[in-house]
Amino acid sequence: MDGESSNQTIFDRLSNLPDSLLCKILSDFPTKESVRTNVLSKRWRNLWLNVPSLDLDSRNFPDDGDVFMSFMDRILGSENEQHLERFKLKYEVYGHDESRFDSWIDAVTRRRVLHLDVRNELWDDELLKMPPSLYSCERLVNLNLYRVFLDHPESVSLPCVKFMHLDMVLYDGDATLETLISSCPVLEELTISRDANDSLEAVCVRSQSLKSFKIDCERYEIDGHVVAIDAPRLEYMTLSDHTCEDYMIHSIGPSAVVDIDVIFNVEYCEPLEADDFSKITMLRKFFTGLSTVIEMTISADTLNVIHYYSEMEQLPKFSNLSYLEVCFQDTKWEMLPALLESCPNLYSVLLEFELLPETEQIDLSLVPQCFQSSLEFVQLKTIDGEDMREKERPPRGTSSKMKLAKYFLENAAALQKLFLRQSFCTISNQINSIPRRSMECEVVMDD
């Protein structure tokens, strides 16, 4: 009895709360759970209809889809005009009724939704087209779309959208995406994950307010598409795309942090040739567009392109760069001195090596400018999984790991710490015996 009495007391206290507060509490639960409260009492019967947050998944309803669609008609077909804070829908209804779906989204936009998240879980060949009302959400702040289709809008009014995630979205043309982005005057964060079947030839990102931009592409064929970026306030940028032929950086923020994994069709076709003037010019403009960044991460594939380019022309100076993270593939680390020379004020660097050979005849005689005064932290690591402790034969010649460690320890005058990870730790005793240019330098093993 004590348990029943306690539960009744809690229920009575809840029932004494105003409807607005009860709806706010219910909004923290999945919609399926908030609906179940309608059996508690007469007062609770329709309370769930006024919950300001709706989280719906058609897969939680019977397979025929009729129950879900009737439920949606009821919850969004009423005369309720209360503002919605969130509307999230995972949609997998076979026998899709476009007019009913449009009416639901129309109702959501009329209720001035703040956060809209629509995920199409139908089979790949079934499109879920968003209605025109999507383009006129006056209060919308956060827009997340997955595997839907967007028609070109006659007009766009999205004055409050700050966050936009477009995942595997299909568009009826380049202008649709460009218009959508440029018509969000306070947009701060944009993520585009491109579908393998989208028909875009040019992705144009033009925004005076954008602070963070990420694009990745799952396409498998090279078709000459380009990406143009004109975002003078951009602070963070991630480019992950092995199919784009040209990235045109017209403007980004003066102190941006970037993560680059692009190859400009160099690797998939033939290596860069000296007479390929258009490609060399394009790469020069791209690297120059990044010359003001303060932090940069470069993938192994992108570094290969930089390697080919550096054999044709000198890299531009990245004078603001304080942190650099690079992955070296095969023996491309021969370009390490030239790469570091292009970063005169580098403060910290992480160098990751794939399949680093035991011995390497590489010229490391060039001492970059950053070694003289600015470079204080260096981290060396391998990802080849090779454990040299398991090898019984003694190394022949100077190991490449020793050579790298000596390069920094003997030349970096301001070095504070040299971090060694993975197989670098197997030669820790030899590395600790290397004379150090910086008397304050500490060698840290992290295996």
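Predicted model: local features only at pLDDT ≥ 70, side-chain atom pairs only at ≥ 80, totals over all residues.
**Cavity lining, a buried histidine and salt bridges**

Let me begin with the largest cavity, whose lining is made up of Ile-260, Phe-286, Phe-287, Leu-290, Met-296, Ile-298, Thr-302, Ile-306, Leu-315 and Phe-318. If we ask which elements each supply at least two residues of the lining, they are helix H7 (277-289), strand E15 (295-298) and helix H8 (300-310).

Let me turn now to a pair of loop residues. Glu-201 sits in the loop between strand E8 (189-194) and strand E9 (202-206), while His-225 is placed in the loop between strand E10 (212-217) and strand E11 (226-230). Although they are 24 residues apart along the chain, their C-alpha atoms are separated by 4.5 Å. Is each of them buried or exposed? Glu-201 has a relative accessibility of 58% and therefore counts as exposed, whereas His-225, at 1%, counts as buried. Once neighbours within four places in sequence are left aside, the contacts of Glu-201 are with Asp-174, His-225 and Val-226. The side chain of His-225, for its part, is joined to that of Arg-194 by a polar contact of 3.1 Å.

That brings me to the charged pairs, of which the structure holds 10 as salt bridges. In one of them, the side chains of Arg-206 and Glu-178 meet at 2.8 Å, N to O. Because Arg-206 lies in strand E9 and Glu-178 in helix H6 (residues 174-182), this pair ties together parts that are 28 residues apart in sequence. Arg-206 is partly exposed, with a relative accessible area of 36%, and Glu-178, at 27% relative accessibility, also counts as partly exposed.

Another salt bridge joins the side chains of Lys-129 and Asp-151, at 3.4 Å from N to O. This pair links distant parts of the chain, 22 residues apart, with Lys-129 in the loop between strand E3 (115-120) and strand E4 (142-146) and Asp-151 in the loop between strand E5 (149-150) and strand E6 (163-167). Lys-129 is partly exposed at 31% relative accessibility, and Asp-151 is partly exposed at 28%.

Finally, Asp-57, Arg-59 and Glu-92 are linked in a network of salt bridges.

Terms used. Residues numbered from 1 in each chain as written. Heavy atoms only, no water. 1 Å grid on protein atoms, 1.4 Å probe; cavity = no way out; pocket = protein on both sides within 12 Å on 5 of 7 lines; lining within 4 Å. Helix = DSSP H or I, 4+ residues; strand = E, 2+ residues; numbered from the N terminus. Buried < 20%, exposed > 50% of the residue type's maximum accessible area, 1.4 Å probe, protein only. Contact = heavy atoms within 4.5 Å. Polar contact = N/O pair within 3.5 Å; in protein donor to acceptor, adjacent residues only side chain to side chain. Salt bridge = Lys/Arg side-chain N within 4 Å of Asp/Glu carboxyl O.
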